[in-house]
Amino acid sequence: LYHATNYTAPRTHRTPVVVTVHDLALQRFPELGTPTLRRMIAALATAVHSAAAVIADSATTAHDLETLLGVAADKIRVVHLGCTSPPPSRSSCCSGA
């Protein structure tokens with residue numbers, strides 16, 4: 001299993017690939033990106049369609065994957081960023097030690 005975390009993924013037929021997509025802002029507003037970023041976003045469509053699964057870190061990104069790139073909903077899983085328990089209190093993590 002190969003986990004691609006930044007818009008691009010290797011093309012392989014022997015290793016399953018999972019692609020994580022954080023947002024599609026540059027898909028919606030390509031004029032805001034550099035030429036390099038626009039090429040990465042263009043490569044994203046190929047990566048998500050050839051991936052075994054796609055992780056979106058929000059429901060909005062999952063929706064954008066479906067509507068902007070045509071990714072099948074059953075291929076997308078929403079996995080929110082962050083931890084599942086509350087963070088430590090400020091006093092315990094910032095005691096100056």
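Author: Contact means heavy atoms within 4.5 Å. Keep that in mind as we read this predicted model, in which local features need pLDDT of at least 70, side-chain atom pairs count only at pLDDT 80 or more, and totals for chains, interfaces and linings use all residues. Residues are numbered from 1 along each chain as its sequence is written, and side-chain values use heavy atoms, with hydrogens and water left out.

Reader: How many helices and strands does the protein chain have?

Author: Helices (H or I, at least four residues) and strands (E, at least two) are DSSP runs, numbered from the N terminus. Here there are four helices and four strands. Starting at the N terminus, their order is β-β-α-α-β-α-β-α.

Reader: In what order do the strands form the sheet?

Author: Strands of a sheet pair through backbone hydrogen bonds, either parallel or antiparallel. Two strands count as paired if DSSP finds at least two bridges between them. In this model the order is β1-β2-β3-β4, the sheet is open, and the pairing is parallel. At the edges sit β1 (2-4) and β4 (76-78), each with pairing on one side only. On average, neighbouring strands are turned by 25 degrees against each other, direction ignored. Angles come from lines fitted to C-alpha atoms, for helices over the stretch in contact, and run from 0 to 180 degrees between N-to-C directions.

Reader: How many bridges join β3 to β4?

Author: Three bridges link β3 (residues 53-56) with β4. Look for Val 54: opposite it, in β4, stands Ile 76.

Reader: Which residues touch the most other members of the largest nonpolar core?

Author: First, the terms. Buried means under 20% relative accessible area, exposed over 50%, and partly exposed in between (1.4 Å probe, protein chains only). A nonpolar core is a set of buried Ala, Val, Leu, Ile, Met, Phe, Trp, Tyr and Cys residues joined through side-chain atoms within 4.5 Å. The largest one here has 16 residues, and Val 19, Val 21, Val 48, Val 54 and Leu 65 touch the most other members. At least two residues of this core come from each of β2, α2, β3 and α3.

Reader: Is Val 48 buried or exposed?

Author: Val 48 counts as buried because its relative accessibility is 0%. This residue is found in helix α2. Leave aside neighbours within four places in sequence, and Val 48 is in contact with Val 19, Val 21, Val 54, Leu 65, Leu 69, Val 71 and Lys 75. Val 21 is 27 residues away along the chain, with 8.8 Å between the two C-alpha atoms.

Reader: How many salt bridges does the structure hold?

Author: A salt bridge needs a side-chain nitrogen of Lys or Arg within 4 Å of a carboxyl oxygen of Asp or Glu. The structure holds one. Arg 28 pairs with Asp 64, and the closest N and O atoms are 2.8 Å apart. Arg 28 lies in helix α1 (residues 25-28) and Asp 64 in helix α3, so the pair ties together parts 36 residues apart in sequence. Arg 28 counts as partly exposed, at 43% relative accessibility. Asp 64, at 8%, counts as buried.

Reader: What percentage of the residues in the protein chain is buried?

Author: Buried residues make up 27% of the 97. As for contacts with a separation of 6 or more, 45% of them join residues 24 or more positions apart.
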